[in-house]
Amino acid sequence: ISDQKPLGCWSVKHGQILTCPVVCNFETHEYIAVHDDKVLRIWKNEDLNLDKAFKATLSADVYRIHSLPQGGALVLFRGGGVRTLDVLLEAPQQEIENLISAETIRWSGAFMEGQEPVLIFTTEKDKDFFVYVQKPKLNSLHKYKLEQQKLAKPLCFTAHITNQTVTLLCLYSNNSVYQVLIPLQQDTEEEEEKEEEILSKSLLLNLSVSGAALKGTSLVVLDKDHVAVLGSLPDSGKKPKECLTIWNTKFQTLQTSKELPLGTSGQLWCYEEKFFLIHGKVLTVIMYKCETSSLAAAVGKLKDSQTFDVSSFVNWNTLEDEELEVSFQSQESVALKEESRMNLRSNRSTGQSGTLSVGQLLLRLKDASNYVLETELKKLMAKAPTPDLQATIGCVVTALTDRCKRNPKFYPQNLLQEIVETRDLSYSLCPDLMAVALEQKDLQLLQICLERFPDIPEEITYACLKAFLSTSEDHLKSVDVNLDSAICYVDVECNDMEVKTEILENGFSEEMDQDMCDTKIPKESQSDGESCPVGLQKAALLNAVLHSAYTETFLLPHLKNLPAQQAILFLRYLYYLYVKCSEKVNTTLPGIRSPTINQIMDWMCLLLDAQFTVMVMLPEAKDLISNLHKFVRAQVRFYSELNKIEGSLRELQRLNHLRESQTYSIEVLEII
């Protein structure tokens, strides 16, 4: 999420529908999905085609799959039956009992109690709600009926287990949260004959913010004393305002809230002290920290009107001076932290009177001289690595770039380069750094960032590409860039814009088009005349762009805006690299961080997709496209010929395995 890059994508066939959320099996590191209600799919990260993944057709419709870190995966069927995944895979067509024929499942959750997984789900039938508690490994099932509430019904549920007791929290339509306690019982004969027990509930919270009722849509438990509610507040004559609220259930107080003006999907998820919610069209992730609940903190929070900023990984906000001053004074029971910020504490709360907090350090460096900057940053980077150190350095770099924008004459080039080279930073931690480097035409820093940052937005990658292509070769000769990726294969003395293509590629000449039998052995001397269309420095900079991660959908619109002459020059260079790779048996260029054949091909295809009309219309691109077409066609035919003898080669390999190692023989194999 922090890198904003897709790590994997899988699709079902046209007409198939994923019918429950996909989960990850913590024990096997596999993904588990169900499509069309009954078809189970299991695959791993390296699997590319979902259609070729493990498939099992089940005998009943699946409602939800739950994965537990130490309890494996549990499968809940729409009829109320539960199976562990291991048991289900032993006999996928086994009969599944129907426990709730006339009821509809509304919510389910899985938990660990000791070494035993426990699955809880709620159902609805004729406005009555029921709670089921199952221990699948013990074949234990208990059913309860939820006490009715006049003029209100449950909207959503959540639960947690503590000391053999299930605490079920119910968000009702009357803007209240109720609590239901369910002891985890042991099965006895009397229990099996006993009628379903009616569960009584107690009022836990009235959701009222400044006298206005909060209409909640989603509820999650943070710890034993805190819950989060996503909902909306009425606004006179306007659309209701959606907001995220944190409540102290022990003292029934509102801890903090934040308006979400772009709207949400109504869903809120919580995992490992992080909130996940859809804000507008963006997935927003918010870190939180629950501290020990106290009456003083709860009451103090009521008097404090401060709210916390909600930030997404897409639009990072920098620390402002006003926010720093407020943060120094705040002593929060529940603190929402942004990933890009430090959880600032005063010296008194941390007990470290001799150490500057992040905010104090930033204020001190705001207008400091270069000497003071270097001194303070060297002290900071010399510290032993801590979980917060990278975020601290990111905040410092952001403060420096803010100062560069306010004062264009201020630009600590060497200092910024040293920070990026010595620290594993990311674009997310210092989002304005590359924009400032582009303004300053600091090509060396841009090269370092492209090689080191894993999460550069496609817009910035395109801006770097355009800047590199537009910079003159004469100017680049005076720029100190890292040449390791290009110096081993780019001829420094040759810089002719005419790319010669009359060479042999992978054993085939261009005359293959007329005569497929006319094959020759390639000679290295024939490719010596091939010249790189760009200089050594520009080649090294372009290689950094080729290494940068991107998503095709987001990069393609930007590449369409690339000027025609720059697009042709870039394609010439990609073609040059393609020819160079094809000269080698292993299709690998020499050097450190040299482009791979896959990167070259991907960028070439992407550029042709974006600039297809330009390439067809411009006369100066005609020869280039024609040569590229001939080269690719020759290679396709060459590999086609290799495919024809693939069967014979496999048979030869099989015979080698069958041959006894102690015997000597001469065999003649006829390849037909």
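Of the 672 residues of the chain, 47% count as buried. The structure is a predicted model. Its secondary structure amounts to 20 helices and 26 strands. Among contacts in the chain with a separation of 6 or more, 57% are between residues 24 or more positions apart. The chain exposes about 35600 Å², and carbon and sulfur atoms supply 50% of that area.

Helix α12 (residues 458–470) has 13 residues. From its first C-alpha to its last, α12 reaches 18 Å, close to the 18 Å expected at 1.5 Å a residue. The buried residues of α12 are E458, I460, T461, Y462, C464, L465, F468 and L469. The elements covering these buried residues include α10 (433–439), α11 (443–452), α14 (536–547), α15 (552–559), α16 (564–583) and α17 (597–610).

Helix α16 also holds Y573. This residue is buried, with a relative accessible area of 0%. When neighbours within four places in sequence are left aside, Y573 is in contact with Y489, C532, P533, V534, A539, L542 and N543.

A nonpolar surface patch of about 400 Å² is made by Y639, L642, I645, L649 and L652. Helices α19 (622–644) and α20 (646–658) each supply at least two residues of the patch. One of its members, L649, is placed in α20. L649 is partly exposed at a relative accessible area of 46%, and residues need over 30% to be included in a patch, so L649 passes that cut-off.

Charged pairs were considered next. Side chains of opposite charge can pair when their charged atoms come close. A search of the whole structure finds eleven salt bridges. In one of them, the side chains of D51 and K13 meet at 3.5 Å, N to O. D51 lies in the loop between β3 (39–43) and β4 (54–57) and K13 in the segment before β1, so the pair ties together parts that are 38 residues apart in sequence. D51 is partly exposed at 34% relative accessibility, and K13 is likewise partly exposed, with a relative accessible area of 47%.

A salt bridge also joins K145 and D128, with the closest N and O atoms 3.8 Å apart. K145 belongs to strand β11 (residues 140–146) and D128 to strand β10 (residues 128–135), so this pair ties together parts that are 17 residues apart in sequence. K145 counts as partly exposed at 23% relative accessibility, whereas D128 counts as buried at 17%.

In the salt bridge between K405 and D402, the closest N and O atoms are 3.7 Å apart. Because K405 and D402 are three residues apart in helix α8 (residues 389–406), about one helical turn separates them. K405 is partly exposed at 43% relative accessibility, and D402 is buried, with a relative accessible area of 17%. Salt bridges that share partners also join K13, R41 and D51 into one network.

Methods
Residues are numbered from 1 along each chain as its sequence is written. This is a predicted model: local features need pLDDT of at least 70, side-chain atom pairs count only at pLDDT 80 or more; totals for chains, interfaces and linings use all residues. Side-chain values use heavy atoms; hydrogens and water are left out. Patches are made of residues with over 30% relative accessible area and no salt bridge: like charges are joined within 9 Å, nonpolar side chains (Val, Leu, Ile, Met, Phe, Trp, Tyr) within 5 Å. Accessible areas come from the Shrake-Rupley method with a 1.4 Å probe; for residues, only the protein chains shown count as cover. A salt bridge is a side-chain nitrogen of Lys or Arg within 4 Å of a carboxyl oxygen of Asp or Glu. Helices (H or I, at least four residues) and strands (E, at least two) are DSSP runs, numbered from the N terminus. Buried means under 20% relative accessible area, exposed over 50%, partly exposed in between (1.4 Å probe, protein chains only). The expected span of a helix is 1.5 Å times one less than its number of residues. Contact means heavy atoms within 4.5 Å.
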